[in-house]
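Thanks, everyone. I have one structure to walk through today, and I'll keep it quick. Have a look at it first.

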Amino acid sequence: MKKKKYLLPVVVIAVILVGIVIFAAVGSRNDDGPLSEDGAKKVVLNDLNVKESKVSSLHIHTTEEDGIPCYLVYITVGGTNWEYLINGLTGEILDKEESSHSHSH
């Protein structure tokens with residue numbers, strides 16, 4: 001009988017945690033479908049844990065990787081240049097590299 005008392009709270013906590021993870025995963029997506037450029041920017045800013053005001057350079061280009069629409073994001077923060085490849089459908093970071101050179105348009 002005591003096992004049943006603990007089962008319900010554990011299930012409720014598990015459901016809440018799954019909901020939080022799902023919300024976090026799609027939080028940067030548009031409600032209408034694929035990730036927007038702004039969503040890609042948010043993914044990068046969140047990954048670097050910086051505010052947009054700390055960014056000295058930001059360029060976003062659309063591209064395709066293995067048939068998947070993606071965003072290529074070039075960002076400079078505190079003198080460090082980063083290149084990101086973001087899945088345009090899911091917001092997943094497919095590649096992240098620190099770069100020794102800045103990107104120009």
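Start with T76. Buried or exposed? T76 counts as buried, because its relative accessibility is 12% and the cut-off for buried is under 20%. Keep in mind that this is a predicted model.

Where does T76 sit? It lies in strand β2, which covers residues 68–77. What does T76 touch, once we set aside residues up to four places away in sequence? K54, V55, S56, S57 and N81. One of these, N81, also makes a polar contact with T76: the two side chains come to 2.6 Å. Then take V55. The C-alpha atoms of T76 and V55 are 5.9 Å apart, although 21 residues separate the two along the chain. V55 itself has a bridge partner in β2, and that partner is V77.

Now step back to the whole fold. The protein has 105 residues, and 29% of them count as buried. There are two helices and four strands. Reading from the N terminus, the order is α-α-β-β-β-β. The accessible surface is about 7600 Å², and carbon and sulfur atoms account for 57% of that. One number on contacts. Take those between residues at least 6 apart in sequence: 29% of them join residues at least 24 apart.

On to the sheet. It is open, it has four strands, and the order is β1-β2-β3-β4 with antiparallel pairing. Which strands are at the edges? β1 and β4, the latter at residues 93–99; each of them pairs on one side only. From one strand to the next, the twist averages 15 degrees.

Let's go through the pairs. β1 and β2 run antiparallel and are joined by 10 bridges. Helix α2 packs on the sheet and touches β1, β2, β3 and β4. The direction of α2 makes about 50 degrees with that of β2.

Next pair. β2 and β3 are antiparallel too, with eight bridges between them. Find I75 on your screen: opposite it, in β3, stands W82.

Last pair. β3 and β4 are antiparallel over six bridges. Here L85 stands opposite D95 in β4. This hairpin has five residues between the strands. In it, G91 takes a positive phi near 85 degrees.

Stay on β3 for a moment. Why do we call it largely enclosed by the rest of the structure? Because six of its eight residues are buried.

As background, most residues other than glycine have a negative phi. Two residues here go the other way. The first stop is N49, with a positive phi near 55 degrees. N49 is in the loop between α2, residues 37–48, and β1, residues 55–65. Is N49 buried or exposed? Exposed, because its relative accessible area is 69% and the cut-off for exposed is over 50%.

The next stop is D66. Its phi is also positive, near 55 degrees. Where is D66? In the loop between β1 and β2. D66 counts as exposed, because its relative accessibility is 75%.

We have an open four-stranded sheet with antiparallel pairing, and α2 packs on it. T76 is buried in β2, with its side chain in polar contact with that of N81. N49 and D66 are exposed, and each sits in a loop. That's the tour. Over to you for discussion.

Key: Residues numbered from 1 in each chain as written. Predicted model: local features only at pLDDT ≥ 70, side-chain atom pairs only at ≥ 80, totals over all residues. Heavy atoms only, no water. Buried < 20%, exposed > 50% of the residue type's maximum accessible area, 1.4 Å probe, protein only. Polar contact = N/O pair within 3.5 Å; in protein donor to acceptor, adjacent residues only side chain to side chain. Contact = heavy atoms within 4.5 Å. Areas by Shrake-Rupley, 256 points an atom, 1.4 Å probe, with all protein chains shown as cover. Pairing = 2+ DSSP bridges. Axes fitted to C-alpha atoms, helices over the stretch in contact; angles between N-to-C directions.
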